[in-house]
Amino acid sequence: MVAILKKVFLVDLVKGLWVTFRNQNPKYIYTEQYPKERPEIAERYRGAPRLILNPETGEPLCTACGACALACPENLIVVTSQRNEQTKKKELVTFSYDTSRCMFCGLCEEACTSEALELSQDFEMATYARQGQIWDRKMLEEGPHPRRYRC
């Protein structure tokens, strides 16, 4: 009998609505003024990929070993290298990274032996075309350039 009355008077619905309206009190509302004030990003957030440059020479620390490309489960990293005849070392020629397919799992960052690749805290990577999501070596060295809006 009690169960029937609960169904007729929609007691569960009223309890759910009470929880909703109780938490809509203005003192519980938090709003970020996004373009004007930048949000705080968690320390462990993995965002836009970056190639780290050597501060002394300005060249990337990447040794073109291809470990990051092998570790990537999506096969979205392409590293090409060329052997320098004078130093007998491999030199990085091209490095491309398809951010449209990236899961931001961090496996490429962990596999990098020279710590030349990192997933930075940059989160503004939206583009209007799919072609803008494939980053070349220059874009990976500079990082994304988000548009700054005047407020």
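The model is predicted: local features require pLDDT of at least 70, side-chain atom pairs count only at pLDDT 80 or more, and totals for chains, interfaces and linings use all residues. Residues are numbered from 1 along each chain as its sequence is written, and side-chain values use heavy atoms, with hydrogens and water left out.

**Whole chain**

Display the protein as a cartoon and trace it along the sequence: the pattern reads α-α-β-α-β-β-α-β-β-α. The protein has five helices and five strands (DSSP runs numbered from the N terminus, helices being H or I of at least four residues and strands E of at least two). With a radius of gyration of 24 Å, well over the 15 Å that the globule rule gives for 151 residues, the protein is more spread out than a compact globule (the radius is taken over C-alpha atoms, and the rule is 2.2 Å times the number of residues to the power 0.38). Along the principal axes, the C-alpha atoms fill a box of roughly 90 × 40 × 30 Å.

Next, colour by accessibility. Of the 151 residues, 25% count as buried (under 20% relative accessible area, with a 1.4 Å probe and protein chains only).

**Residue T99**

Select the loop between β3 (90-98) and α4 (107-111), where T99 is found. T99 is buried, at a relative accessible area of 6%. Finally, select P49, F104, Q133 and W135: T99 touches these residues, not counting those up to four places away in sequence (contact means heavy atoms within 4.5 Å).

Key. Buried < 20%, exposed > 50% of the residue type's maximum accessible area, 1.4 Å probe, protein only.
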